[in-house]
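Please examine the sequence and the structure shown here before reading the report.

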Amino acid sequence: MAPPALPQPKAAPRVPAHPVAPTGVGMESQAVRAAMVRKIQGQGVTHTGVLAALQAVERHRFVDSALVNQAYEDTSLPIGLGQTISKPGVVARMLELLCQGRSEKMGRVLEIGTGCGYQAALLSHLAREVYSIERLKGLHEKSRENLRWFRLSNLHLLFGDGMLGYPKGAPYAAIIAAAGGNDIPQAWIDQLAVGGRLVAPAVTAAGRQNLVVVDKTATGIVRTELEAVLFVPLKSGVA
């Protein structure tokens, strides 16, 4: 059965401080986004909900005005403080892994590393409730500014140490991370619900950073290592 139609972002006044997309992105962003989604489909992403979220969320609202014309290219872009907004193709791949086998919305989801807020906005279309935590105060404030336009009532932005997760919201149906450490923190696994799934980059035994999927079953943890990726390092504390 096909998933139910996903809600579109509610119209709201634009925040004056928000980067204004130049003509050709702002005016035609729906068509440019559709081309990006087709390209991602060509890379093998097929989950209907993920593709609908990518079409609905305007990525150009999450990048600096000087880079806005690259917003719908399949490339990572700097967002300040040494961080990046991930490639749309990589984001889509991780979200599809998170949603794999589900046609309905996920329950409560935890995102580690809000960054500029783009993936959090996508998650808000795929889950009933999203907690997103960011350790860098500057990015936490930037993501709040970026996301204000969308008025997403099911998205909660938190400032704190993502390595600790967010126990108050646990257990989570899914956890996704936008930074990679030497291993998956035990706190994340502890906060994952039985039947839940975690998707994150991590350094494997071979010494490379790979996508790692952790499924928490009634009988234990199942860990699967997938393709090599390159994410910013996972760090503890706040700054």
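Predicted model: local features only at pLDDT ≥ 70, side-chain atom pairs only at ≥ 80, totals over all residues.

Residues are numbered from 1 along each chain as its sequence is written, and side-chain values use heavy atoms, with hydrogens and water left out.

**Largest pocket**

The largest pocket holds about 680 Å³ of space. Its lining comprises 35 residues, of which Gln 83, Thr 84, Ala 178, Phe 231 and Val 232 are the closest to the centre. A pocket here is an open set of points on a 1 Å grid over the protein atoms alone, where a 1.4 Å probe fits and protein lies on both sides within 12 Å along at least five of seven lines; lining residues have an atom within 4 Å of a point. The volume is the space filled by probe spheres set on the points, which are joined across faces, edges and corners.

By class, 19 lining residues are nonpolar, 11 polar and 5 charged; Ala, Val, Leu, Ile, Met, Phe, Trp, Tyr, Cys and Pro count as nonpolar, Asp, Glu, Lys and Arg as charged, and the others, Gly among them, as polar. Elements that each supply at least two lining residues include α3 (88-99) and α4 (118-126). Helices (H or I, at least four residues) and strands (E, at least two) are DSSP runs, numbered from the N terminus.

Buried means under 20% relative accessible area, exposed over 50%, and partly exposed in between (1.4 Å probe, protein chains only). Just after α3, Gly 101 adopts a positive phi of about 85°. For α4, 9 of the 9 residues are buried, and this helix is therefore also largely enclosed by the rest of the structure.

**Salt bridges**

A salt bridge is a side-chain nitrogen of Lys or Arg within 4 Å of a carboxyl oxygen of Asp or Glu.

| Glu 129 | Arg 108 | 3.2 Å |

Glu 145 and Arg 148 both belong to helix α5 (residues 137-148), 3 residues apart, about one turn of the helix. Asp 183 joins Arg 223 and Glu 225 in a network of salt bridges.
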